[in-house]
Amino acid sequence: LHMYIYACINFMFKFFNKYNLNISNVLFYNMVKIIAEIGINHNGSIDQCKQMIMLAKVSGCDYVKIQKRNPDVCVPEHQKSVIRKTPWGEMTYLEYKYRLEFNEEQIKELCEYSNQIGIKFFASVWDLDSVALMSKYTRIVKLGSPVINNLELLKATREAFDFVIMSTGMSTEEEIERAVEVAKPDVIMHTNSTYPCNPTDLNLRYMEHLRSKYGEHAEIGYSGHEYGLVTTYAAVAMGATWVERHITMNRDEFGSDQKASIEPSGVFKLVKGIRDIEQATQYPPGPRMQFEGENFKKSTLRK
């Protein structure tokens, strides 16, 4: 199944690329917004990134996201010259990080490609340079868990973008309070930043705390790094209106995020499961409802 889906996505990627087609009209409103997080799983390949953008589109995700950073700023000085073994040979850690980054021309190309096939593209920004760059091409942005203690970055991001999503992983309650005060996020995502995360550490009911604390001013979402899909489904049933999961074409590929990512068949299952949960929970609490199918069954079983 995985290989079949991969072949179909690869075909669609090549087909739409060849004929410059636009499928942006294939859009629907969904109550739960699903973000397909490519992150750095593209390994610096723009074609591979486009394949995953196409996967996000055809599976029914609402958004697709990468990470954007200036390695000179984000990589600690003591780490820059450390030698790392990579699929492209040995190189310094700084060179490796640059190997994974897209330049502005490539970012523009990915934005145009996403618009062409009808899915919204944005990025997690790690530094002020990335804020300036990404704000040229998109009005939505993500503040990932590693940066929400950088108050200067949070302030600049809020000023530069119309819609801000913020994750809460690896943070104390006080750090989150301060970040919310400065960034004024439109969406606050509960996150555990362990890759992959054990279910016993997910603490999904923290979403209830976030909702009671910030629900008047922000939507509450869930960014998952666990194996499997069940606990992400649970987050939706518990009221998460935004969901983010890492995606990949193959979990065996090189990269620190691959093992906590979902392969193509899993992305389809994720979207289908969330849409089913939306349907199953669409009615507000109230007296028991009777449906046509059940009334028919009633006529055949009850005297």
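The model is predicted, so local features need pLDDT of at least 70, side-chain atom pairs count only at pLDDT 80 or more, and totals for chains, interfaces and linings use all residues. Residues are numbered from 1 along each chain as its sequence is written, and side-chain values use heavy atoms, with hydrogens and water left out.

**Exercise 1.** Determine how strands β3 and β4 are joined.

*Solution.* Strands are DSSP runs of E with at least two residues, and helices are runs of H or I with at least four, numbered from the N terminus. Two strands pair if DSSP finds at least two bridges between them. Here β3 (residues 83–86) and β4 (residues 89–92) run antiparallel and share four bridges. Thr-86 stands opposite Gly-89.

**Exercise 2.** Describe the surroundings of Ser-261.

*Solution.* First, locate Ser-261 in the loop between β10 (242–246) and α12 (264–280). Next, Ser-261 counts as buried because its relative accessibility is 4%; buried means under 20% relative accessible area, exposed over 50%, partly exposed in between (1.4 Å probe, protein chains only). Then list its contacts (heavy atoms within 4.5 Å): not counting residues up to four places away in sequence, Ser-261 touches Asn-41, His-246, Ile-247, Thr-248 and Arg-251.

**Exercise 3.** Identify the buried residues of helix α9 and the elements against which they pack.

*Solution.* Within α9 (residues 173–183), Ile-176, Ala-179, Val-180, Val-182 and Ala-183 are buried. These buried residues pack against β6 (140–143), α8 (151–160), β7 (163–167), β8 (187–191) and α10 (206–214).
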